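Reader: I would like to go through the terms used for this structure and ask, for each, what value stands behind it. Could you take the questions in turn?

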Amino acid sequence: MNRITRISIVGLLIASLACATAFSVTGRTKAVDELTIAADFAEAVSLVETYYADSINYEEITKMAILGMLHTLDPHSSYYDRREFTRFRIEQTSQYFGIGATIGARNGKVFILAPFADTPAYRAGLRYGDQIVAIDGESTETWSSTQVSSRLRGPRGTPVEVRVQRAGEATPRTFKLTRDAVPLPSISGAYFVRPGIGYINFQLRGFNTTTDEEMNKALKRLESGGLKALIIDMRSNPGGLLDQAVKMAEKFLFKGQLILTQKSRSNKRESTKRYESQNPNPLLLPLVVIVNGGTASAAEIVTAAIQEHDRGMVVGEPTFGKALVQTVLPLSFGAGLTLTTAKYLTPSGRSIQRAYTNLSFYDYYFKNRSDGPNGSSTVPTGPAFRTDAGRTVYGEGGITPDVAVPATQLTEAQSRLQGAIFAFTRELVAGLIPGLESYRVSSLTLDHTLGEKEYRISDQVLQAFTKFATSRKDEFRLSPGLIESNKEFIRTFIRYEVVTAAYGLETAAQALNDTDIQLLKAIEVMPKAAELANTYRTRANRATAK
């Protein structure tokens, strides 16, 4: 290892140690001198260089050393190399650079599922069901969808050649594209699920720099259509920017109401910051928030504020339980850290942070949280707190919904059916299924609200699917009896796939609404949410009068 490389590695470690020790408790004696640790690290690297049996990736071992240090602090502090950090900062602006299409692995291959509006993929004519067989002349036969996605992304303005196999065509097509900015909005849909009941889809995507602007546009769109009640769907929303969460919460809370309290340390001094609503005229319509175990961080800040001020109902499953705040800290050479620099408390004073000590990184993120002490949606055991109206809520282990509704889990048979459903629909929308040419999709139309009768799946389609799937028994392992016992599931998901081909993924999500038991429950409890809204308005008026 040359001198410059060794100095860079040791320098990075010392810088990282300085970050860690800067947040040590005031007055605590350092057990080990950080320079001694750095010297040990440098010696260890030198021994690895001298004796290790294979070649060494110095950048990778440095990265893993820093990650190891950060993960001993908490599971959310992390290190990004130069390429990762660049991507991280770009995505915070609600965009990335690539071709602009959702891709997915199906039946051991990787396919285009849907292009996004006004992107290279959309303009070039890539469509649902196009199998990606090569990128820049290199076969993707053994690649995962993650590998394909990584190769399709790249600096803006750079070329990429994509070869696809289209259903019904003998020869692959080659598309020469130029990477461009691809929007990555926080909100993926805003429409009415019932007359007067608006729905804003905030699933999966986080709070980025454009979230508040997107929320304003979504609300304006719904208000123009006669909005009388609102459902915000934040299932599997990973969180994001704190200021955007505060702006969302204060749309529904009167001025002066607490949204969160942040506790941090700066230069070893404790500091506390309160975030309060600044909105004198909040929306007072009935409100329901849907959450699950993937709802985290900024999404939990909004949910807790709504719940604890008795402003709306929370429906679904217990949330993730993340009450740590990360600060983005750039490092030399383009790398960066996200370091936990604060903790937050909800308006009632509770911490919803799930325990992470004495747990592996894997167990913290992926183990079923119902195995933990506070993971049950029916018997929470953390410390008790009170909402404004005196209802009991519990700290630790995330946010327990007001109405617990477990998500529907796919059976093993239904999971197998999905592969056959995709393969069948790929041919169906290409017009290759005899007698069903009316289901052929020749172009993609985006930003569409799905009509109740659009692309309903007839018995004739189900019969064709049965014939298709059973003729490829070795591939799909589906019997006529299994298909018959799951025909409504098949009907729903064939429609979902056809709508994806015709209108894109955002509209396709609407095809699943009638089978989404958590969404149906949110609609069902709207009268209770209306009662809460009326009580909230009365309580706020009394407080104002005083």
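This is a predicted model: local features need pLDDT of at least 70, side-chain atom pairs count only at pLDDT 80 or more; totals for chains, interfaces and linings use all residues.

Reader: Why is Thr140 called buried?

Author: The relative accessible area of Thr140 is 4%, and buried means under 20%, so Thr140 falls in that class. Thr140 is placed in the loop between β6 (138-139) and α6 (145-152). Beyond its neighbours within four places in sequence, its contacts are Ile132, Val133, Ala134, Ile135 and Val148.

Reader: Are the two partners, Arg491 and Asp459, buried or partly exposed?

Author: Arg491 has 19% relative accessibility and counts as buried, because the class takes in values under 20%. Asp459, at 47%, counts as partly exposed, since exposed would require over 50%.

Reader: Which other residue forms a salt bridge with Arg491?

Author: Glu488 does, with the closest N and O atoms 3.3 Å apart. Glu488 and Arg491 are 3 residues apart in helix α15, and therefore about one helical turn separates them. At 45% relative accessibility, Glu488 counts as partly exposed.

Reader: How many salt bridges does the structure hold, and which residues are linked in a network?

Author: The structure holds 27 salt bridges, and a network of them links Asp118, Arg123, Arg156 and Asp180. Another salt bridge joins Glu169 to Arg173, with the closest N and O atoms 2.7 Å apart. Glu169, at 27% relative accessibility, is partly exposed, and Arg173, with a relative accessible area of 36%, is also partly exposed.

Reader: What makes β10 and β21 the edges of the sheet?

Author: The open sheet has 6 strands in the order β10-β11-β12-β15-β16-β21, with mixed pairing. β10 (189-194) and β21 (403-404) each have a single partner strand, so one side of each is left without a neighbour in the sheet.

Reader: How do you know that β10 and β11 pair?

Author: Pairing needs at least two bridges, and 5 bridges join β10 to β11 (residues 197-201), the two running antiparallel. Within this pair, Phe192 stands opposite Gly198 in β11.

Reader: Which helices lie on the sheet?

Author: Helix α7 (residues 211-224) lies across β10, β11 and β12 (229-233), running at about 155 degrees to β11. Helix α9 (residues 298-308) packs on the sheet as well, touching β15 (287-291) and β16 (313-316), and its direction makes about 140 degrees with that of β15.

Reader: Why is α9 described as largely enclosed?

Author: Of its 11 residues, 11 are buried, so the rest of the structure largely encloses α9. The elements covering these residues include α8 (242-249), β13 (258-266), β15, β16, β18 (336-345) and β20 (392-394). After α9 comes Asp310, whose phi is positive, near 50 degrees.

Reader: Why are α12 and α15 called roughly perpendicular?

Author: They pack at an angle of about 100 degrees, with their axes 11 Å apart, and angles of 65 to 115 degrees count as roughly perpendicular, so the term applies to α12 and α15. Asp459, Val461, Leu462 and Phe465 of α12 make the contact with Lys487, Ile490, Arg491 and Ile494 of α15.

Reader: What makes α7 and α8 roughly parallel?

Author: Their axes come within 9 Å and cross at roughly 25 degrees, and angles under 35 degrees count as roughly parallel, so α7 and α8 are given that term. Thr211, Asp212 and Met215 in α7 meet Gln244, Lys247 and Met248 in α8.

Technical notes:
Residues are numbered from 1 along each chain as its sequence is written. Side-chain values use heavy atoms; hydrogens and water are left out. Helices (H or I, at least four residues) and strands (E, at least two) are DSSP runs, numbered from the N terminus. Buried means under 20% relative accessible area, exposed over 50%, partly exposed in between (1.4 Å probe, protein chains only). Contact means heavy atoms within 4.5 Å. A salt bridge is a side-chain nitrogen of Lys or Arg within 4 Å of a carboxyl oxygen of Asp or Glu. Axes are lines fitted to C-alpha atoms, for helices over the stretch in contact, and angles run from 0 to 180 degrees between N-to-C directions. Angles under 35 degrees count as roughly parallel, over 145 as roughly antiparallel, 65 to 115 as roughly perpendicular and the rest as oblique.
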